[in-house]
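This report treats one protein chain from its overall composition down to single residues. Please consult the sequence and the coordinates alongside the text.

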Amino acid sequence: MTHPQDPWQNPAGDVQWQNPAGGYPGGQYQVNHVGQGGFGMTPLAPVLPQEMAPPRPPTITAALWIWIAGAVLSVAVVPVLLLVNADYLIAGDRTITEESRRAGELGLRTIAVFAGFGMLVAAAPYIAFAVVLRNGHNWARILLTILGALGVLAMIVTLTLELQLPVWQPGAAICVVVIGLTVAAVVLQFLPASNRYVR
């Protein structure tokens, strides 16, 4: 009966390999556990419950998504205002040729696209600071409150202008919803559960 070849044996099979330190074949393996001197590092001290970061409350999570929803909706305010009043803004009470109408519609759509892009740039800080707020930073909450006040003021001004146009209902509805979402987000981020989390 043959025996499997010892992997620690040289190809000639007559001399067994020996580690100069004597720690391999024929010797004993030594296992150093965490905390023993040979492991090279000391174990970490246990984290006490009071030292752990508090869990994120639902009020902060809700404020995050409400800020994002309000920012996304605000992007549509000016484009909707322009497009639903295209006939009035292009011709007013005048009679214009079909060629002039097509040129006016093209120009108005171009303005609406640029306005939407501008509103998107203006809405980006709301989303960015809302994401930072999710991590519990108080400075983000303060900046969001300031931006929220400016946003509400801008929506009120826009709503006032929209009421002067023939078709004001779609834009006005968006403005009112954005104002409501902004107020809700500010309130949520200052509730007691949010205050315990934000630092």
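## Basis of the model

The structure is a predicted model, in which local features need pLDDT of at least 70 and side-chain atom pairs count only at pLDDT 80 or more, while totals for chains, interfaces and linings use all residues. Residues are numbered from 1 along each chain as its sequence is written, and side-chain values use heavy atoms, with hydrogens and water left out.

## Overall fold

The chain contains seven helices and zero strands, where helices (H or I, at least four residues) and strands (E, at least two) are DSSP runs numbered from the N terminus. Its pattern along the sequence is α-α-α-α-α-α-α.

Of the 199 residues, 28% count as buried; buried means under 20% relative accessible area, exposed over 50%, and partly exposed in between (1.4 Å probe, protein chains only). The accessible surface of the chain is about 13200 Å², and carbon and sulfur atoms account for 68% of that area. Accessible areas come from the Shrake-Rupley method with a 1.4 Å probe, and for residues only the protein chains shown count as cover. Among contacts (heavy atoms within 4.5 Å) between residues at least 6 apart in sequence, 67% join residues at least 24 apart.

## Helix 4

Helix 4 comprises 37 residues, 98-134, and spans 53 Å from its first C-alpha to its last, close to the 54 Å expected at 1.5 Å a residue. That expected span is 1.5 Å times one less than the number of residues. At Ala 123 helix 4 bends by about 30 degrees, and Pro 125 follows within four residues; the bend is the angle between axes fitted to the seven residues ending there and the seven starting there. Just after helix 4, Gly 136 has a positive phi of about 90 degrees.

The buried residues of helix 4 include Leu 108, Gly 116, Met 119, Ala 123 and Tyr 126. Packing partners of the buried residues in helix 4 are helix 1 (58-75), helix 2 (77-83), helix 3 (86-90), helix 5 (138-162) and helix 7 (192-197).

## The salt bridge

A search of the whole structure finds one salt bridge, defined as a side-chain nitrogen of Lys or Arg within 4 Å of a carboxyl oxygen of Asp or Glu. The side chains of Asp 87 and Arg 101 form this bridge, at 3.4 Å from N to O. The pair links distant parts of the chain, with Asp 87 in helix 3 and Arg 101 in helix 4, 14 residues apart. Arg 101 is partly exposed, at a relative accessible area of 23%.

## Selected residues

Ser 194 lies in helix 7 and counts as buried because its relative accessibility is 0%. Leaving out residues up to four places away in sequence, Ser 194 touches Pro 57, Thr 59, Ile 60, Arg 141, Leu 188 and Gln 189.

Helix 6 (residues 169-188) holds Thr 182, which is buried with a relative accessible area of 10%. With the exclusion of residues up to four places away in sequence, Thr 182 touches Trp 67, Gly 148 and Val 152. Ala 173 is also placed in helix 6 and is partly exposed, at 41% relative accessibility.

## Nonpolar surface patch

Trp 139, Ile 142, Leu 143, Ile 146 and Leu 150 make a nonpolar surface patch of about 480 Å². Patches consist of residues with over 30% relative accessible area and no salt bridge, with like charges joined within 9 Å and nonpolar side chains (Val, Leu, Ile, Met, Phe, Trp, Tyr) within 5 Å. Leu 150 is located in helix 5.
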